[in-house]
Amino acid sequence: MKINSTLRYASGLALMGSALLIGQAQAQAIPDSTECIAPAKPGGGYDLTCRLAANGLQETGLINKPMMVSYMPGGIGAVAYNHVNGVRTDDPSLIVAASTGAAVNLALGKFGEYDADEVRWLGALGVDYGAIVVSADAPWQSLDELMTALKENPNEIAFGAGGTVGSQDWMKAALIAKSGDMSPRDLRYVAFEGGGEALAALLGDHIQVFTGDLSELRSQLEGGKIRVLAALSEERMGGPYADIPTAAEQGYDVEWPIWRGYYMGPEVSDEAYQAWVERMQQLAEDPVFAELREARGLFPMSRFGEDFDSYVQEQVTEFKGLAEEVGLTQ
């Protein structure tokens with residue numbers, strides 16, 4: 001018993017020492033003053049993404065000083081991407097907010113001379129998922145019924161969402177069409193200024209299908225005015241979304257995660273990059289952060305380091321293929 005107690009005590013000291021060494025290594029690799037660039041004006045999704053990191057890191061005690069959030073709108077993320085690649089290539093204090101939308105824009109060549117492999121993709125702390133939505137009185141009870149009707153009369157069913165052709169929301173509709181062996185070119189698609197306007201058009205019967213996001217539908221689900229035919233997630237979500245089947249379980253291999261993540265400059269040292277990866281991993285595992293993420297309408301997603309980098313590269317490649325197929329790029 002005495003020997004075991006001694007061993008446990010020694011093991012505890014060793015673990016504490018290891019944790020202390022990791023903390024010291026992080027502190028040395030990451031400056032005390034940190035910054036997150038939101039590549040948009042205040043109040044949007046990129047602002048939310050920066051605040052998610054800034055508030056989470058501070059409330060969990062993973063940073064000593066508040067993280068500064070700065071705004072760099074322009075080119076739907078292109079200005080910030082070019083800034084990091086041209087000016088702050090090796091800044092270990094800087095992270096930049098990104099999302100699935102950034103991957104789409106990179107695939108469409110909207111970030112100028114730079115491609116997806118020009119930065120160090122750090123990780124994602126949360127995710128939302130696309131959804132295929134119809135009004136509660138629509139004739140289709142399942143995604144399969146909608147797809148059958150779409151094949152028979154593609155011109156009579158209008159899709160709509162808060163984005164133009166080539167946007168994230170259009171991509172959701174295009175992938176659904178493609179999964180049903182239809183050309184995205186044959187879709188009727190109506191672009192709106194935002195998801196709220198598109199949802200109002202659905203409820204007003206101006207469009208028949210809305211390609212929205214799960215988190216923005218919660219209040220409408222409770223009101224009984226809509227029917228979500230499919231969640232574009234890997235598996236069913238819990239809570240109020242538990243009864244919504246995925247597209248995949250209905251035979252249509254389509255997923256659309258809207259991740260909220262970050263990248264760093266291309267010449268940031270391996271030491272600083274890995275320190276950030278470890279810090280973000282610690283944040284993702286903290287129960288305090290889980291509450292912050294849920295309060296912002298996001299679901300769990302924890303991809304970091306090389307795993308996340310590979311994931312983004314694969315997404316961009318897939319989007320490039322789709323864009324070429326429908327004539328958005330050459």
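## Basis of the description

The model is predicted, so local features are given only at pLDDT of at least 70 and side-chain atom pairs only at pLDDT 80 or more, while totals for chains, interfaces and linings use all residues. Residues are numbered from 1 along each chain as its sequence is written, and side-chain values use heavy atoms, with hydrogens and water left out.

## Aromatic rings

Rings of Phe, Tyr and Trp (for Trp, its six-membered ring) are paired if their centres lie within 6.5 Å, and a pair is called stacked if the planes are under 30 degrees apart, edge-to-face if over 60, and tilted otherwise. The count by this rule is 11 aromatic pairs. One of them joins Trp-121 and Tyr-263 in an edge-to-face arrangement, with 5.4 Å from centre to centre and 65° between the planes. Because Trp-121 belongs to strand β4 (residues 120-135) and Tyr-263 to strand β9 (residues 257-264), this pair ties together parts that are 142 residues apart in sequence. Helices (H or I, at least four residues) and strands (E, at least two) are DSSP runs, numbered from the N terminus.

Both partners are described by their relative accessible area, for which buried means under 20%, exposed over 50%, and partly exposed in between (1.4 Å probe, protein chains only). Trp-121 is buried, at 0%, and Tyr-263 is buried as well, at 3%. Ring pairs also link these two residues into a cluster that includes Tyr-81, Phe-111, Tyr-114, Trp-259, Phe-308 and Tyr-311.

## Charges over rings

A charge is said to sit over a ring if NZ of Lys or CZ of Arg is within 6 Å of the ring centre and within 35 degrees of the ring normal. Arg-303 lies over the face of Tyr-311, 4.2 Å from the ring centre, and Tyr-311 is also a member of the ring cluster. In another case, the charged end of Arg-120 is placed over the ring of Tyr-273, at 4.1 Å from its centre.

## Helix packing

Axes are lines fitted to C-alpha atoms, for helices over the stretch in contact, and angles between N-to-C directions run from 0 to 180 degrees. Angles under 35 degrees count as roughly parallel, over 145 as roughly antiparallel, 65 to 115 as roughly perpendicular, and the rest as oblique. Helix α2 (residues 45-59) packs with helix α10 (residues 287-295) at an angle of about 150°, with the axes 9 Å apart, and the two are therefore roughly antiparallel. Where contact means heavy atoms within 4.5 Å, Leu-52, Asn-55, Gly-56 and Glu-59 of α2 meet Val-288, Phe-289, Leu-292 and Arg-293 of α10.

The axes of α2 and helix α9 (residues 270-284) come within 10 Å and cross at roughly 80°, which makes α2 roughly perpendicular to α9. Here Ala-53, Gly-56 and Leu-57 of α2 make the contact with Trp-276, Arg-279, Met-280 and Leu-283 of α9.

Helix α4 (residues 100-107) and helix α11 (residues 305-325) pack at about 50° with their axes 8 Å apart, and are therefore oblique to each other.

## Two loop residues with positive phi

Asp-181, although not a glycine, has a positive phi of about 60°. This residue is found in the loop between α6 (168-179) and β6 (188-191), and is exposed, with a relative accessible area of 72%.

Asp-205, also a residue other than glycine, has a positive phi near 65°. Asp-205 is found in the loop between α7 (195-203) and β7 (209-213), and is exposed at 54% relative accessible area.
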